[in-house]
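This report describes one protein model, beginning with a helix and moving on to the sheet and the ligand. Please look at the sequence and the structure before reading on.

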Amino acid sequence: MPVDPPRSASGWGRIPRLTFGGDYNPEQWDPQVWKEDVRLMQEAGVNLVTLGVFAWSWIEPEQDRFDFSGMDQVVELLHSGGIRIDLATPSASPPPWFSENFPEALPMDQYGRRLRHGSRQAFCASSGAYRERTAMVVEQLAQRYAHHPAVVMWHVGNEFGGYNIHCYCPSSAAAFRSWLMHRHGSLEDLNQAWGTSFWSQRYSAWSQVYPPGSTPGRVNPAQQLDFYRFSSDAQLECYRAERDLISRYAPQTPVTTNFMAGTFKWVDYFRWAPEVDLVSNDHYLVAADPDNHIGLALSADLSRGLAAGRPWLLMEHSTSAVQWQPRNVAKRPGELLRNSLAHVARGSDGACFFQWRQSDSGVEKWHSAMLPHGGTATRNWREVKQLGAVLNAAAEVAGSTVEREVALLWDYESFWALEMDARPSVDMRYASEVSAWHRALWKQGVTCDIVSANMTAADLSSYRLVLVPSLYLMRQSTADALTAYTQAGGHVVVGPFSGVVDAQDRVLPGSYPGMLRDLLGLRIDEFLPLAENAAVALDDGSVGHFWTERVEARGATVEVTFTNGPAAGGPAVLHHRVGRGLVRYAATRFEAAALDGLLTRALDEAGCAPCVPGAGEGVEAVRRLNGERSWLFVLNHTDRPARIDCHGVDLLSGGEADGSFSLAPGGAAVIREQSAG
Ligand code: GAL
């Protein structure tokens, strides 16, 4: 199904920024609590709440019986308290009456088992009943609140696809067939695209085509890939239907839905981004990762890429621990502020949370909130109030963009294709390849946009360096864009196992990598993955892990050679001059230090400098720009004091930076910069 051109974005409209607030679920509480909520929101400096994300059974307790009395009161209370509303549609959690009355709308797993009610997202995105009932409740909401002055944004559903992305029920099968007819035109073309001559899979009627459920052996990869595309699109159709309904009543009010960029694999957010008025994103730290602030940066850099460089909004993160990881480690003092400012540094025009008041029952009662169980006499609350004051003090950065010179290509289809089964090695994982490259940049203090692999050469021309980690599936347009970009003087680094198959997971003809042979000036004779935990040595003293290739230079210059392993004596790193630019290829997964070295060389050659040279390990520095004005965000993730070179004034402490600025262990600053002269 085609994606419409971008909406005439109403952008941020009347949304206050920097935005500060969170999900507000008043239906969990007695009405007496609501007044206290608004008072404490004011005390903390909250300026926006997302209302009603899971409120369906509150506003439609029985089928066709709507009751907005509670929501009306809350809307008025918030309005009179000066708190703006991001009004959510409740479609992420249909009530029990829905499942009872429309059991065929419950999702089905790949083994053909219907899932039951009792959690959330208990629906099939292709169910007619789900779409009809959603439209009814959304229309009621839109009619009632579209013109309410407090409602400044609409929030459709919640984290689409999070729990129900792949449904295998009869409605999904029928919708999948229609989607395939639209994509492929004829059954003959589908047979061709899916390579069904293999294993006697030729279809002679559409009725034989199903989602790739549970099968005796491995499933056709092209069928899987199309099912993943379809599943993302089916959810997108649900979003679009709701959005269009809202826009009929509130055409001027921005509409969004919260993405899970960087942490959720199954929704192709690059297809979704043109459909929202502003990109909003949810991010939660992985407690077990000591460098989880780098994972945070990846999610933020991808959100900015989705927003095409414009400001986006951190819709959800946590004030402290979550409840859904094995060990839910609380944030350390100061971490909430650093996390929030890291998102703002990377382009979020605010910091919002799940959720305002910590629940006392249900699955999420052990998830932190802005107002914890212990109320205002808690460290958590004090830090929330501090954050409100900080965002207020830094409000002048709203609307600015982020300084960056490097693009890192990301592609959801390649992600899905690379991580399917029956690949050369289970160790080659897309997300970990991208993370390793992104981490190396983060450590260098270089900010990158994570952008769609479908960028044109013109889109890429604003970057000095383009990184292409393991882009296994590649379209001709991407190869053409990279070639034109390089010819025009751009620098590119390509990681192993890139440009190997087309959009149907079909190996490109001739030697590998079919899509990039000419650009890279090489051919690959054979992919040579290593045994578990094996490594190879290279002649520059570095080490490669789990993957090697037998590469022959065809115009490229060999820089580094494998000294042992199956590709011993052959090239491991090569570069190729193309037009006025340079492209480099790495045929293994380097250990971290060697990857740093490879990327440092590429950064130097491309003329890319860190945001603040010499900021020191573990000190994050990112700059936002607006015309002649600039702000330097500095976050000290270490337990040592840090010193950075800069001139200006810290919006947080009022401290002057006259050439250098010192930051306490764990400290944060937002320096309004003055030029050194
Ligand atoms: C998000 C979700 C919220 C809440 C939160 C807990 O994924 O949108 O509703 O469940 O996780 O971390």
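Helix α8 covers residues 221-249, 29 residues in total, and spans 43 Å from its first C-alpha to its last. This is close to the 42 Å expected at 1.5 Å a residue, where the expected span is 1.5 Å times one less than the number of residues. Helices here are DSSP runs (H or I, at least four residues) and strands are DSSP runs (E, at least two), numbered from the N terminus. Of the 29 residues of α8, 23 are buried, meaning under 20% relative accessible area with a 1.4 Å probe and protein chains only.

The model is predicted: local features need pLDDT of at least 70, side-chain atom pairs count only at pLDDT 80 or more, and totals for chains, interfaces and linings use all residues. Residues are numbered from 1 along each chain as its sequence is written, and side-chain values use heavy atoms, leaving out hydrogens and water.

Helix α1 (residues 31-44) has 14 residues, which should span 20 Å at 1.5 Å a residue; its end C-alpha atoms are 20 Å apart, so the two agree. Its buried residues include V33, W34 and D37. Among the elements that cover the buried residues of α1 are β1, β2 and α3. After α1 comes G45, with a positive phi near 85 degrees.

Nine strands make up an open sheet with parallel pairing, in the order β5-β4-β3-β2-β1-β9-β8-β7-β6. Because β5 (255-256) and β6 (258-259) stand at the edges with a single partner strand each, one side of each has no neighbour in the sheet. Strands pair if DSSP finds at least two bridges between them; β7 (residues 280-282) and β8 (residues 312-316) have three, in the parallel sense. N281 has L314 of β8 as its bridge partner.

Which residues surround the ligand? They include F54, R120, N158, E159, W324 and H367; a residue is near a molecule if one of its heavy atoms lies within 4 Å of it.

| Residue | Distance to a ligand oxygen |
|---|---|
| R120 | 2.8 Å |
| W324 | 2.8 Å |
| H367 | 2.7 Å |

Methods
Buried means under 20% relative accessible area, exposed over 50%, partly exposed in between (1.4 Å probe, protein chains only). A polar contact is a pair of N or O atoms within 3.5 Å; within protein, one must be able to donate a hydrogen and the other to accept it, and residues adjacent in sequence count only if both atoms are side-chain atoms. Contact means heavy atoms within 4.5 Å.
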